[in-house]
Amino acid sequence: MSSICITKRKNKNGIVWQYRFETGSVNGKRQWESKSGFATRREALEAGKMAQQMYDTTGRVLKQTEMTYSDLLEHWLEHDVSKTCKPNTVDNYRKKMNLYIKPELGRYRIKSITRQDIRDFLLKLYNEGFSPNTISVCRGIITKSFTYAVDSDFLAVSPADHLRITRQSGLPPKVPTRTAPHVYIPADKMAEIFERFPEGTSCHLPMMIGYHCGLRLGEVFGLTWEDIDLEKRILTVNRQVQWIAGKNSADSEEGYWYFAEPKYRSYRSIDMDEVLTGLLAREKERYEAARHANASYVTYYAEQPLIHTGRKPEQPQAFNKIGLNGDMEIHLIHVRANGTFISPRTLKHTSSVIHHQLNFPEFDFHSLRHTHATMLLERGAPMVYIQRRLGHTNIKMTTEIYTNHLTADMKSQGNSILNDLYQL
């Protein structure tokens, strides 16, 4: 091991100290690693020893940095995540970072964060009742960002390797886990909702598709007229629509909509009932009339061609931006009379009205999907039929959700069967 040379230098800020040590030669020429700017000789010597130890162990020189964890997260997001992940993944990571990770760990220098600091943070999330999914995503962000720090020579080792959440003595969280309940909407309340938002209002058709087909929110608003076969009464799910916010803020109005694959790549074809088919037929007539009568009708385009088969393609579909210019004209179902897109954000106002004016605070769009599946189940539809309509990856997921929900009709059916079991 070569000795570390500590020297004093003068720069515009005054006297500083520098370390310098010899590394491997290149083409017979001696090579040196050095860094200056230290306030004292002792600081330069300690930093030099760490850098030399890193070089002797790995053959690489550790970058000396006072980077905070907040800065590391932003660096990782810009130089790694944004280049390898889908925009909605980047947006989700940024939200978790800003809401949960940065307030707790962001101000610390990366070299000072320990494994126990990270465990304490994750345990705090657990005890405050955050869902397992939120905790898992936060753990993934921390693990991946520190791995990036090691790969970028900001750290010698990651404090997050093989990280596990240690629950104190196996005790339950101090606050109940924050899980969104699966809400079933009774028929009388559903009738009240559609009376308040009748045909012709901007949210009526999206809610009817959710209620009659069980589609997810992004799948409903990603539909085009080519996905609807009115004659055969078949709807195909080929994509979902997502929003990517502007760079200034995750909540910024600046951004754009884009098409992505359905969640879990759950491409599928769904049979439609007569009521929904009739509504869609009337809506298409209005759409065609408005499009041909209005010279300033707004037309949207996708960057890449859409598929309409309802079958999973061999290769995943790429990120597909929606805009007002291009070659790939698209015909969105949810548009106003002038052609402008009725986006999922419309449902925020709808939900607020249902919560406060109709006195049903449990409502969200996903409850339409849950209600649709529960109605099928209580009328005896096979579980595999429900699974295929919902686009669950396996029947276990469907069973775990819907065998734990007991409606009044299910209870009545069960009691009837129970009484018949013991008739003499």
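What percentage of the 424 residues in the protein do buried residues make up? In this predicted model, buried residues account for 43% of the 424 residues, where buried means under 20% relative accessible area, exposed means over 50%, and partly exposed lies in between (1.4 Å probe, protein chains only). Because the model is predicted, local features need a pLDDT of at least 70 and side-chain atom pairs count only at pLDDT 80 or more, whereas totals for chains, interfaces and linings use all residues. Residues are numbered from 1 along each chain as its sequence is written, and side-chain values use heavy atoms, with hydrogens and water left out.

The protein has 14 helices and eleven strands; helices (H or I, at least four residues) and strands (E, at least two) are DSSP runs, numbered from the N terminus. The accessible surface comes to about 23900 Å², and 50% of this area belongs to carbon and sulfur atoms; the areas were computed by the Shrake-Rupley method with a 1.4 Å probe, and for residues only the protein chains shown count as cover. Of the contacts (heavy atoms within 4.5 Å) with a separation of 6 or more, 65% are accounted for by residues 24 or more positions apart.

The average pLDDT, which is the predictor's confidence in each residue from 0 to 100, is 86 for the protein, and 87% of the residues score at least 70. Over residues 248-252, however, the pLDDT is below 50, and beyond near neighbours in sequence this stretch has seven contacts in the model. Where pLDDT is low, the predicted coordinates should not be read in detail.

An open sheet is formed by three strands in the order β4-β5-β8, with antiparallel pairing; two strands pair if DSSP finds at least two bridges between them. The edge strands are β4 (228-229) and β8 (268-271), each of which pairs on one side only. Strand β5 (residues 234-237) pairs with β4 over two bridges in the antiparallel sense, and L235 in β5 is the bridge partner of I228. The antiparallel pairing of β5 with β8 extends over four bridges, and here I234 stands opposite D271 of β8. In a regular strand the side chains alternate between the two faces of the sheet.

The loop between β7 (255-260) and β8 contains S266. This serine is buried, because its relative accessibility is 6%. The side chain of S266 reaches the backbone oxygen of K263 at 2.7 Å, a polar contact (a pair of N or O atoms within 3.5 Å; within protein, one must be able to donate a hydrogen and the other to accept it, and residues adjacent in sequence count only if both atoms are side-chain atoms). When residues up to four places away in sequence are not counted, S266 touches R216, E219, V237 and G391. Y264 also has its place in the loop between β7 and β8. Although Y264 is not a glycine, its phi is positive, at about 60 degrees; with a relative accessible area of 44%, Y264 is partly exposed.

In helix α10 (residues 346-356), the residues T346, L347, T350, S351, V353 and I354 are buried. Seen down the axis of α10, these residues fall within an arc of 160 degrees, so they line one face of the helix; the arc is that of the directions from the helix axis to the C-beta atoms. On the other side of α10, K348, H349 and H356 are exposed. The cover over the buried residues of α10 includes α6 (187-196), α7 (204-213), α8 (217-221) and α11 (365-378). The loop between α10 and α11 holds N359, which has a positive phi of about 55 degrees although it is not a glycine. N359 is exposed, with 61% relative accessibility.

A further asparagine, N394, is found in the loop between α12 (383-390) and α13 (395-402) and is partly exposed, its relative accessible area being 35%. The side chain of N394 reaches the backbone nitrogen of K396 at 3.1 Å, and a polar contact of 3.5 Å joins the side chains of N394 and T393. The C-alpha atoms of N394 and V384, which are ten residues apart along the chain, are separated by 8.9 Å.
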